[in-house]
Amino acid sequence: MTQHLASGEFSRRARSVWAKTRTGPGPDFALQGWLPLVQHLADTAAVAALLWEEWVPESLKSMLTDAVGTRSAARDLVVWLAGTHDVGKASPAFAVQVPLLADVMRDEDLEIDPRIKDGDERRQVRHELVSYLAIRDWLQLVHGFSKLAAGRLASVAAAHHGQPPSRQLVSEAEPRPHLVGSGSWIDVRNELLAAADRDHASVGSGEQWRAAEFTQPVLVMLSAIVIVSDWIASSDLFDAAPLGEPPRDTTEDRVARAWADLDFPRAWAPRSDQTDVTAMLTARFDLPAGAAPRPAQEAFVRQAMQVERPELMILEAEMGSGKTEAALLAAEILAGRFGLSGVFVGLPTQATTDGMFSRVLQWADRLDLDTPASLFLARGKSMLNPEFAQKSREAHFRSIGDDYAARRESDESLVVAHRWFSDPRRGPLSNFVVGTVDQALFAGLRSKYLMLRHLALASKVVIIDEVHAYDAYMQEYLTRVIEWLGAYRVPVILLSATLASSQRRAFVEAYDRGREALEPAPPLDPSMSGAERAERRAVSAQAKEARYRRLDGDFWYPAITVSQWRRPPALTLPGGASDTRRLHIDRIPDDHIVLIDLLRSALRDGGNVAVIRNTVSRAQETAALLRDAFGGDLPVTLAHSRFLGLDRARKDRELLSAYGPKGDRPKRSIVVATQVIEQSLDIDFDLMVTDTAPIDLLLQRSGRLHRHLRAGRPLPLREPRLVLTGTNWDAEPPQFVRGSTRVYSEAILLRTTAALHGRDVLSVPDDIAYLVETVYSHDLSFIPTGWRDAVDDATRKHEREQQRLRDKAHSFRLQGVAEGSSTLLGWISGPDVDPDLTPPGRATVRDGDETLEVIVLQRRIDGGLATPAWLAGGPRDIPVNEAPRGALTRTILGCTLRLPAGMCHGNAIDRHIATLERGFELPEWHASPALRGELVLVVDGDGRARLNEFDLRYTPDDGLTFARAG
């Protein structure tokens, strides 16, 4: 690429237009440097070219090539769009923002009215909107595009700040020449566009662009790549020039130096010729000598080797059967075969991400990488994960110029937490990402920079674990995201031990809908009558029903479902599940004395018991009761979500250390917990007592019962036994404790109880699919006669609630692939929601009660503040005159706690925020990006505090308790 400023290929007028400024330190932020627009466009185009060559995955290159016609024309288009994205900065509305530089432009006959600088009207004509107008007109007048086609491609530039303008804003801007610029302004913009044609479009590329059909998914990918290019070219890696002077270095030198300093990870390119599943399993995971894949694992990975194109794959298998390992091996195969450059793994909760992060890190470290790959933990307070924090510290302290090449010559890991991906918006673009499922669902939420979230998923094999675990609100987002992933030709892997057939079918239909949405529909004969058209629609509906009918009903476990383009999905039942277990079911009343007697008898010869409650309050009450009953003779541990982040992580480690596969198990113990041990923690108990819950969750809980092969379980606990409580069994129908019906649908609880009615033994996994399908179907034949009226009433209430959730999700959910126009204008218009900047307590893709997150600090006797005394290492003083730094900041962030929903009803959140802000005044915290805006709850030496009408108490053993002040 030539350096236009030095070569004089641009007019003085074009070279006078500014794009970026650099200001000096101090309160006046004096202007010290500038970057001409011609240089910024050249930088961005060069970065885009490097991204195309080294970072954009083969799958997306193929997608864009199919749209444009040839690989070279697709590459040219990406670079051309990057090299023109900011052409709208050549406009009065933008230039007037820096009067000193605007004066220079006036001297070059670029008219700017200084009065527009502070007017609201100017803010409606942003430079990306002017870029849209200029590129649209250029494509029409010079390249012969139709107005519609030109507008589609120009909308990429309109979207490069993450929020494409609406059509209305465009129409309102066009008749405002004093803001958009006319005459000389148009000449400059055309000069820049002509230069882009000359430098970035090979012979014939323009004709191919004109003939291409740019669908919305293609435009989204183009816009995302342009955004990444612009962000890199706008960073401090690219020097500004002294005021009034051009940059001293050529574009080639500027970009080469910046690219070397950035040390951007290349696209991961795994081998695609692996066929030995046993060898892969042994190489990637810690397994006993001689271990072999289970039949379901073998069959699932074989399917990944055999599919003809990217597909949606669902693996249903019992708890603890190695689904995660099978999914990662399949993802490696699929990425290699179809050119994906990474893997995303989504899980239900923040707590479950930590365990999965370790497993994915181990897998990634054993991939025989040739070049470094970036790893990211996508969840709130990710730095509390010690493994990710260590990776991030390595990246932070790596010297500029110290590339990762030396790692290839040593035993150091090539899996890194790259500095550029440390930002929450950029992190999901890493090669390997582990996060809550929210990170995937955000791709279905109309929000700023949504195209980056699409790029993050479209470049990876997407794995979603525990897909049964999401309510109707979240399912609306999940199916919409799966639809878009189908359009992007992304392999998707869904995992579940307890999936209802309605969900299975919805996922496959959504994937096929996205994949086939952009196919041309068969033309309608204009002469067809209304009746004929109706008949054709009916035939189409019947064909669709026949296509997916085989997904209905319950399957034998394990089961593998694979979508098939234009064909009915394939179903495989590999058989060979692990040995069938007989799970004994007992029922006891919700009575403290009965519970204590049961545990005393069961533990007479030792053993480890889990007691699971459906609410935190019940868990805390039960733990206190059992501690009183057993005194110091029997340790009682409490685990729930109402602990500080550091305490919660410590408890998870302790649970795994004691009850994990290699745990040093106590002789006798009781763990009282909520749903936090229901998923993803690989722990094992000899006996389980649980409140009644929906059948899929009961089965998930039972997966922590006799999970590991252990010799020497105490005689009374040799058989796996699930004891149901929290229910009045004598009532007809049974009645559930109030907390359970606040958390779960009463209709599902009743149907679960009816499905288990009269059963004392379950066969696992044989009964899993049947029970789940029975509970979640519309069948009523299994409901006892005396329960029918109550079940009918509860079902009507349940259906109304499900519809409410679906309707609510539609208010924020992205449109379907084929629902909108094929432009980015107005693509994400609607409620202004940014999941990275969500106000405290406000949910986005979850419908939970709004709550508030606070940082808990402790008041010292002398009045100063410190981190809580019970944390490892003891209390650490909070500085008064400066912002906390480094390790102290991480410790403070580890003291976060989410207040209970019972404290946050009505306007309570706003009142709590006001009270907390008044009660904590350390202005220095505003100097810390990590702590700025965080709310602090100060407790006394006993862990007590008062927040408005609530008395609070926190202890490291029980977590947070609260009560209304008496």
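Guide: A handy definition to begin with: a charge sits over a ring if NZ of Lys or CZ of Arg is within 6 Å of the ring centre and within 35 degrees of the ring normal. Please keep in mind that this is a predicted model.

Visitor: Which ring does Lys808 lie over?
Guide: The cut-off for the distance to the ring centre is 6 Å. Lys808 comes to 5.7 Å from a ring centre and lies over the face of that ring, which belongs to Tyr473.

Visitor: And how far is the charged end of Arg587 from the centre of the ring of Trp729?
Guide: Here the charge comes from an arginine, Arg587. Its charged end sits over the ring of Trp729, and the distance to the centre is 5.9 Å.

Visitor: Is the pair of Trp268 and Trp363 stacked or edge-to-face?
Guide: Planes over 60 degrees apart count as edge-to-face. The ring centres of Trp268 and Trp363 are 6.1 Å apart and the planes meet at 85°, so the pair is edge-to-face.

Visitor: How many residues apart in sequence are the parts that this pair ties together?
Guide: Trp268 is in the loop between H16 and H17, while Trp363 belongs to helix H20. The pair therefore ties together parts whose separation in sequence is 95 residues.

Visitor: Is Leu687 buried or exposed?
Guide: Leu687 is found in strand S17 and touches, among others, Leu599, Val609 and Leu717. Buried means under 20% relative accessible area. Leu687 has a value of 0%, so Leu687 is buried.

Conventions
Residues numbered from 1 in each chain as written. Predicted model: local features only at pLDDT ≥ 70, side-chain atom pairs only at ≥ 80, totals over all residues. Heavy atoms only, no water. Helix = DSSP H or I, 4+ residues; strand = E, 2+ residues; numbered from the N terminus. Buried < 20%, exposed > 50% of the residue type's maximum accessible area, 1.4 Å probe, protein only. Contact = heavy atoms within 4.5 Å. Phe/Tyr/Trp six-rings, centres within 6.5 Å; stacked < 30°, edge-to-face > 60°. Lists of a residue's contacts leave out its neighbours within four places in sequence.
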